[in-house]
Amino acid sequence: MVEETAAAIPAPPARGTRRLDALVGAAAVEAVLVPVGALVVSLLLFGIFVALAGVSPLRVYGYMIKGSVGSWFSLQNSLTRAAPLILTALCTALPAQVGLMIIGGEGAFVIGGLFAAMAGVALLGAPAPVALLGMAAAGIVAGGLWLALAGALRHWRGVNETISSLLLNYIAIAILNQLVEGLFRDPHSLNKPSSPSISYAHMIGTIPGTEIHWGLVVGIVVCLCAYVLVRHTTIGFAARVTGGNLRAARMVGLPIGRLVMLTCFLGGAAGGLAGMIEIAAVQERASASLIAGYGYTGILVAFLARQNPLAIIPVAILLGGISASGGLLQRDLGLPDAATVVLQGIIFVCILASDSVYGRIPWGGRAAASA
Amino acid sequence: MNAGGISWWIVPLAVLGGAIRVSTPFLFVSLGECITEKSGRINLGLEGTLVMGAMSGYAVSYLSGSPWLGVLAAGLVGVAMGLLHGTICSLPRVNDIAVGIALMLFGVGLADYLGKPFIQPAAPQLPSIDFAWWSTSPDVQNALKINELFLIGVALAPLLVWAFRATRWGLILRIVGESADAARALGYRVIPVRIIATCTGGFLAGIGGSFLSLYYPGAWSERISSGQGITAVALVIFARWNPKLCFYAALLFGGAGALGPSLQSVGIHGGYYLLNAAPYILTLLIMILTCSPKRVLVGAPAELSITK
């Protein structure tokens with residue numbers, strides 16, 4: 001027990017770098033093992049849950065594999081669903097670096113999509129690159145400012161950012177509904193109010209040989225950039241210091257207000273970009289279909305990835321796979337379509353509960369320390 | 001479409017009636033959250049609890065034929081959700097705000113899953129008391145038809161004020177919320193007190209949810225609550241953790257929520273969605289006006305993570 005506690009505390013430098021390396025190794029092992037363990041536990045709990053509903057858990061697991069990676073079609077479906085999640089996860093993960101818990105991804109997504117559609121309609125006659133850049137800029141700026149508002153309120157007014165960003169989601173949805181039913185409504189959209197559509201020539205195509213749109217590549221590139229920003233730049237370091245110890249950050253004179261605003265803006269910008277891609281690659285026009293819950297699943301992706309932008313990519317693909325398998329579970333096993341949402345909820349709860357086991361796995365620390 | 005003279009005075013009346021109707025879930029959730037937050041924990045998962053309460057209350061009312069049994073079931077489901085939140089948060093290094101977010105998503109998803117079979121059938125609804133026997137106007141009668149749950153909530157607010165101030169339980173709750181160390185030094189066990197406080201909060205939030213499905217709007221659907229739970233959590237901050245102020249704040253928010261439907265009833269349709277978002281905009285504005293980064297909020301329990 002004594003040894004284990006010692007392993008959890010960073011060793012003093014006098015003990016040499018080998019011990020430190022071992023500790024870093026142990027932490028890395030843990031960073032993979034604990035979330036994977038939590039995932040396994042949540043799948044087991046979900047198995048019990050569906051067993052109570054009278055469905056064999058093994059069949060459910062089988063269908064989930066089949067529906068997410070079992071065929072070329074389902075794999076493409078999973079990857080397509082992962083694309084927006086990669087970006088909306090950044091809405092939570094980037095502000096988390098400065099210690100803020102923002103859950104406004106849905107609002108940034110909706111507002112970004114709405115403004116991108118407006119830009120697309122305004123640029124109907126423009127050449128494709130100009131129109132696409134215009135739409136992307138509109139989505140990025142709108143989404144970024146939307147979440148920067150939550151950051152600003154937190155920093156200058158002390159308003160809790162979790163609550164304010166959630167309220168901003170509802171306000172964004174109200175603005176979307178109001179505009180597509182009123183000022184920005186296409187008079188031809190009769191039974192389902194929506195905005196005029198953007199030009200077909202301005203749509204984002206698919207990756208050659210697949211049905212997956214380019215949004216996936218954009219998402220991965222943005223995530224890699226976010227990773228470099230967070231882990232390998234001075235700004236990212238300053239942000240993480242602020243998140244780790246606010247008092248120390250104040251003491252060394254870091255520009256906390258600017259860091260808060262920057263991370264919130266970039267997070268919102270990623271969400272807005274996701275909304276723009278949804279418009280330009282999938283929906284063609286703004287309507288209530290933008291409110292698909294990508295923002296909320298993104299929160300889970302960020303927590304499951306432990307707010308690490310690099311880990312977001314595989315986690316988003318995993319959750320894209322889970323939601324892709326939902327259709328099959330509904331069609332072939334008769335489970336309600338909310339089954340995958342329940343699974344997501346169970347995963348979320350298990351992941352948070354697993355926070356308490358870090359530094360407490362006896363064999364993980366020992367094995368790595370003796371390596 | 002009759003924007004004539006007579007219909008205009010209906011709007012304030014409808015807002016008043018609507019405020020009483022719409023405020024009830026706000027009132028119950030905020031009183032419940034008030035108890036939880038007094039113990040030094042914040043439960044953002046009450047949004048999920050509210051929806052679970054709405055679903056289970058409706059289902060039990062439909063299956064048993066008794067709406068009051070539905071209310072009880074909703075409360076017990078709320079206790080279960082509170083127990084889940086309270087227990088997970090008691091593990092070391094687990095963040096209560098994050099668990100709240102998780103339980104919000106979990107509760108909404110689970111209610112959606114379990115509530116599928118209950119979307120169509122009509123469940124027996126809660127009765128209401130008619131306070132407008134003296135009037136012949138249908139608008140007045142409509143506005144003054146008051147549900148018994150609202151009256152219970154009205155009685156509960158001063159009762160809680162008294163309980164926090166004058167009872168042993170209230171004192172223990174406040175000690176735990178103000179200083180866990182002091183509570184430990186006095187020999188009180190912090191974690192059980194917090195779990196019980198979270199369960200009690202869940203009980204009231206569940207009842208608030210049953211009001212949604214059993215009285216107003218009066219049917220179970222997936223989108224029955226869009227943020228009432230989280231607005232009510234913000235409302236507690238606005239009300240400075242004072243149950244009596246929670247009551248007035250709930251009425252105010254209820255009035256804001258009733259504004260859209262009231263204007264629509266007299267034929268004004270413009271800005272319908274924005275008016276429906278009025279409670280959220282109002283919450284945000286109030287938080288901007290009342291919060292400050294410079295000082296700790298008056299009345300805030302010192303152990304509360306949200307104000308630290």
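Begin by selecting R240(B), which sits in the loop between helix 11 and helix 12 (243-265) of chain B; helices here are DSSP runs of H or I with at least four residues, numbered from the N terminus, while strands are E runs of at least two. Its phi is near 55 degrees, a positive value in a residue other than glycine. R240(B) is partly exposed, with 15 other C-beta atoms within 10 Å; a residue is called buried if 20 or more other C-beta atoms lie within 10 Å of its own, exposed if 12 or fewer, and partly exposed in between, with the C-beta atoms placed from the backbone.

Before moving on, note that this is a predicted model, in which local features need pLDDT of at least 70 and side-chain atom pairs count only at pLDDT 80 or more, whereas totals for chains, interfaces and linings use all residues. Residues are numbered from 1 along each chain as its sequence is written, and chains are lettered from A and ligands numbered from 1 in the order in which they are written.

Next, select P217(B), which lies in the loop between helix 10 (190-214) and helix 11 of chain B. The peptide bond leading from Y216(B) to P217(B) is cis, with omega near 0 degrees. For background, most residues other than glycine have a negative phi, and most peptide bonds are trans.

Which residues touch the most other members of the largest nonpolar core? Select V301(A), I312(A), A316(A), L235(B) and C246(B), which do so among the 219 residues of that core; such a core is a set of buried Ala, Val, Leu, Ile, Met, Phe, Trp, Tyr and Cys residues joined through C-beta atoms within 7 Å. Helix 11 (residues 256-283) of chain A gives the most to this core, namely 16 residues.

Stay with A316(A) and, leaving aside its neighbours within four places in sequence, show its contacts, which are A82(A), L85(A), I86(A), A89(A) and V301(A); two residues are in contact if their C-beta atoms, placed from the backbone, lie within 7 Å. Then select helix 13 of chain A, where 13 of the 16 residues are buried.

Now color chain A by its domain assignment, which gives domain 1 (1-55 + 336-371) and domain 2 (72-334), with bounds that come from an automatic or database domain assignment. The C-alpha centres of these two domains lie 28 Å apart, and 13 residues of domain 1 are in contact with 13 residues of domain 2. On the side of domain 1 that touches domain 2, the largest share, eight residues, comes from helix 15 of chain A.

Finally, show both chains together and select their contact, which takes 39 residues from chain B and 36 residues from chain A. Helix 5 of chain B supplies the largest share of the chain B side, twelve residues. By class, that side of chain B has 29 nonpolar, seven polar and three charged residues, where Ala, Val, Leu, Ile, Met, Phe, Trp, Tyr, Cys and Pro count as nonpolar, Asp, Glu, Lys and Arg as charged, and the others, Gly among them, as polar.
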